Amino acid sequence: NTAEDDVLFAIIETFAVTPTAPSGWTLIGSRTTETVDTFFYWKRVAASEPSSYTWHSSGGTLGGFIVAYQGCITSGDPYDSAAYASASIAGTTHTTGSIQICIGDNRTYVVLIGSGDNTSEASVTWTPAAGFTERLDSYIVGSTVTLTGAVFDKTVSPGSIASAAFVASRSLTNFYGFELCLRPSVGAGALNNGMRLAVRGSANGEPLLWCVDSNGGIRNTPD
């Protein structure tokens, strides 16, 4: 299970609706298009947490994914460098932007990808760029939309990190990604990855529920 001061990152994707986040979640950034809208959030785990988190919407399709990291700083923003890249043309490749890593110890460089299209085609998987470890790779199929979420990371040294290409197994209309350089606690160095969490979306404005997989794997939950 997650522990106090672990940091959660959520990728929330919608089709023509704006989500309302539960208390304690901070929006990192968002992108809206004619099809899939993507929202990225983070949250530091407190001493007491609910067994699930609920994102609400006014209707339409809503889905999302969560990943947790251990060893981040315990106050303030858990990252000190960030960049984003997006594309709204059909294709299979998401290319990240470049990012400058601040001077200091080795850091964990995380790439969060939210993507999809307005089709109900199933099965989307991602191939990471060289040197990256996959932490989450999942998708949600609705009646009129497919949503995908993926998280990759690697340990990097201070300096400039070049762009990298991540490839989907089929063409998608929209890509939106955030790259984050996580801030380790004193003496932690590169971070340990915690559990990977994922759920499938719910339609017609029903809540989106997050449930913890104590084995660190990915599983779907009921709507």
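Start by selecting Leu8, which stands opposite Lys43 in strand E3. The model on your screen is predicted, so local features need pLDDT of at least 70 and side-chain atom pairs count only at pLDDT 80 or more, while totals for chains, interfaces and linings use all residues. Residues are numbered from 1 along each chain as its sequence is written, and side-chain values use heavy atoms, with hydrogens and water left out.

**Stop 1: strand E1**

Select residues 7-15, which make up strand E1. Strands (E, at least two residues) and helices (H or I, at least four) are DSSP runs numbered from the N terminus.

How many of the 9 residues of E1 are buried? The count is 8, so the strand is largely enclosed by the rest of the structure. Buried means under 20% relative accessible area, exposed over 50%, and partly exposed in between (1.4 Å probe, protein chains only).

**Stop 2**

Return to Lys43 and show Glu49 with it. The two form a salt bridge, with the closest N and O atoms 2.6 Å apart. A salt bridge is a side-chain nitrogen of Lys or Arg within 4 Å of a carboxyl oxygen of Asp or Glu. Lys43 counts as buried because its relative accessibility is 8%. Glu49, at 25%, counts as partly exposed.

Now select Arg44, also found in strand E3. Arg44 is buried but has no salt bridge. Which side chain of opposite charge is nearest to Arg44? It is Asp5, 4.7 Å away. For charge, Lys and Arg count as positive and Asp and Glu as negative; His and the chain ends are not counted. The side chain of Arg44 does reach the backbone oxygen of Ile73, at 3.2 Å. Leaving aside neighbours within four places in sequence, the residues in contact with Arg44 (heavy atoms within 4.5 Å) include Asp6, Glu49, Thr74 and Pro78.

**Stop 3: strands E11 and E12**

Select Asp153 and Arg135, whose side chains meet in a salt bridge at 2.9 Å, N to O. This pair links distant parts of the chain, 18 residues apart: Asp153 is in strand E12 (residues 146-156) and Arg135 in strand E11. Asp153 counts as buried at 4% relative accessibility, and Arg135 as partly exposed at 24%. In total, the model has 2 salt bridges.

E11 and E12 run antiparallel, joined by 8 bridges, and a hairpin of 4 residues connects them. Ile140 has Leu147 in E12 as its bridge partner.

**Stop 4: aromatic rings**

The model contains 10 aromatic pairs. Colour Tyr109 and Phe132: their rings form a tilted pair, 5.7 Å centre to centre with 55 degrees between the planes. Tyr109 lies in strand E9 (residues 107-117), and Phe132 in the loop between strand E10 (126-127) and strand E11 (133-141), 23 residues apart. Both Tyr109 and Phe132 are buried. Rings of Phe, Tyr and Trp (its six-membered ring) pair if their centres lie within 6.5 Å; planes under 30 degrees apart count as stacked, over 60 as edge-to-face and the rest as tilted.

Last, select Trp25, Tyr41, Tyr53 and Trp55, which ring pairs link into a cluster.

Conventions. Pairing = 2+ DSSP bridges. Polar contact = N/O pair within 3.5 Å; in protein donor to acceptor, adjacent residues only side chain to side chain.
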